[in-house]
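Colleague: Could you take me through this model, one question at a time?

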Amino acid sequence: MKEIKNVEYGLEKIFEGAQDFLPLLGTDYVELYVGNAKQAAHFYKTAFGFQSFAYKGLETGCREYASYVLKQDKIRLVLTTPLNSKSPINDHIVKHGDGVKVIALWVEDATKSWEETTKRGAKSFMKPTVEKDEHGEVVRSGIHTYGDTVHIFVERKNYNGVFLPGYKNWESDYNPEPTGLKFIDHMVGNVGWNEMNTWVKFYEDVLGFVNFLSFDDKQIHTEYSALMSKVMSNGNGRIKFPINEPAEGKKKSQIEEYLDFYEGPGAQHIAVATDDIITTVSKLRARGVEFLSTPPEEYYRAVPQRLQAHNHKLREDIKTLKGLGIMIDADEEGYLLQIFTKPVEDRPTLFFEIIQRMGARGFGAGNFKALFESIEREQEKRGTL
Ligand code: FE2
């Protein structure tokens with residue numbers, strides 16, 4: 001039996017076939033447009049253990065919107081709210097509710113990133129723009145992706161300020177402890193019926209990504225609903241974007257429910273990595289984060305065999321995992337531990353995944369059935385199944 005090690009900073013791997021015209025250094029930040037950023041920031045600090053990091057708003061001379069930047073290890077979350085009815089940010093919130101607007105990617109050269117991607121067919125969201133303050137300069141540019149979601153390329157090699165020009169340090173007297181969240185492992189997009197392959201091609205052609213895992217509706221289905229998913233990765237494996245589309249089932253799938261309530265395609269979940277999921281989930285639960293219901297007894301009874309089949313031994317105590325509702329999946333290279341929150345807003349749209357990789361590169365395919373049955377129990381309560 002081989003030793004399984006925790007995987008630090010994702011799964012560095014050079015994917016053959018990935019193009020190098022767009023070197024991506026990592027996720028720079030994720031920005032959500034929300035109805036009340038001040039209150040949302042309080043929630044992410046209190047419940048998830050994010051730390052106050054930077055701020056922009058009336059006090060810094062920005063009269064259009066307020067943005068709170070929260071940080072936990074390598075994760076930067078930006079919460080933005082408009083300050084008047086004319087801001088175009090309102091349109092996003094009216095249509096989608098609170099949700100992810102920007103998945104920002106850290107690059108060496110934001111001008112070249114914009115040129116290379118728009119040349120390959122991306123629709124421009126923001127031309128390369130230099131922003132400056134006394135701490136240096138940042139170049140940002142952006143392109144549209146699925147729905148109203150955008151990617152912004154951030155070049156920060158000539159900047160040593162807190163976050164971006166225009167932001168100041170956000171000092172707060174209220175600083176709840178972190179919960180052990182370390183970096184973004186992957187971010188999933190839900191797209192419309194029969195649109196998955198269009199977006200797979202977009203990530204291949206425009207960003208040079210490769211499709212390294214696929215799941216069809218025969219693998220991902222329950223008695224009632226189904227979906228299809230393809231996982232896209234950039235060359236170094238740091239950026240992974242699974243793309244889901246709904247598939248026909250007896251009843252409405254969770255992807256359809258998302259598309260109905262988000263009123264279009266968008267980011268479905270943000271998976272954040274921890275290297276101690278038991279401690280992290282214990283803390284999150286104690287702070288009021290709501291998770292999907294724990295899989296049934298039979299699920300946990302089958303776990304030892306599922307690991308055995310791949311010659312892996314579980315390091316964690318299975319009773320503890322079960323007590324916290326954490327799921328386990330295994331592949332050739334190792335296993336992973338994961339759990340999903342309920343949606344973090346009233347519309348059943350965006351949620352979080354907490355993941356600890358013990359060698360496995362997958363996304364928990366072995367858990368899909370148990371997971372979807374759990375989601376369906378929630379859909380049933382919402383009357384949207
Ligand atoms: Fe995931």
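Colleague: Which residues make up domain 1 and domain 2 of the protein chain?

Modeller: This is a predicted model, and its chain has a domain assignment. The C-alpha centres of domain 1 and domain 2 lie 24 Å apart. The bounds are 14-169 for domain 1 and 179-382 for domain 2.

Colleague: What is the area buried between domain 1 and domain 2?

Modeller: On the contact level, 50 residues of domain 1 touch 47 residues of domain 2. Carbon and sulfur atoms give 66% of the buried area. The area itself is about 3,800 Å².

Colleague: How many residue pairs are in polar contact between domain 1 and domain 2?

Modeller: Salt bridges across this interface number zero by the rule. Polar contacts are counted separately, with both residues at pLDDT 80 or more. That count between domain 1 and domain 2 is 15 residue pairs.

Colleague: Which element gives the most residues to the side of domain 1 that touches domain 2?

Modeller: Elements that give two or more residues to this side include α1 (37-46), β5 (99-107) and β1 (24-33). The residues of this side divide into 24 nonpolar, 18 polar and eight charged. With six residues, the element that gives the most is β1.

Colleague: Which residues coordinate the iron ion?

Modeller: Along the chain, the donors follow the spacing H-x82-H-x83-E. Two of them sit in strands 84 residues apart: His269 in β14 (residues 266-273) and Glu353 in β17 (residues 351-358). At 2.0 to 2.2 Å, the iron ion is coordinated by His186 (NE2), His269 (NE2) and Glu353 (OE).

Methods: Residues are numbered from 1 along each chain as its sequence is written. This is a predicted model: local features need pLDDT of at least 70, side-chain atom pairs count only at pLDDT 80 or more; totals for chains, interfaces and linings use all residues. Side-chain values use heavy atoms; hydrogens and water are left out. Domain bounds come from an automatic or database domain assignment. Contact means heavy atoms within 4.5 Å. Buried area is the accessible area (1.4 Å probe) that two parts lose on being put together, summed over both. A salt bridge is a side-chain nitrogen of Lys or Arg within 4 Å of a carboxyl oxygen of Asp or Glu. A polar contact is a pair of N or O atoms within 3.5 Å; within protein, one must be able to donate a hydrogen and the other to accept it, and residues adjacent in sequence count only if both atoms are side-chain atoms. Helices (H or I, at least four residues) and strands (E, at least two) are DSSP runs, numbered from the N terminus. Ala, Val, Leu, Ile, Met, Phe, Trp, Tyr, Cys and Pro count as nonpolar, Asp, Glu, Lys and Arg as charged, and the others, Gly among them, as polar. Donors are N, O and S atoms within 2.8 Å of the metal (3.2 Å for Na, K and Ca); water is not among the atoms, so sites may look incomplete.
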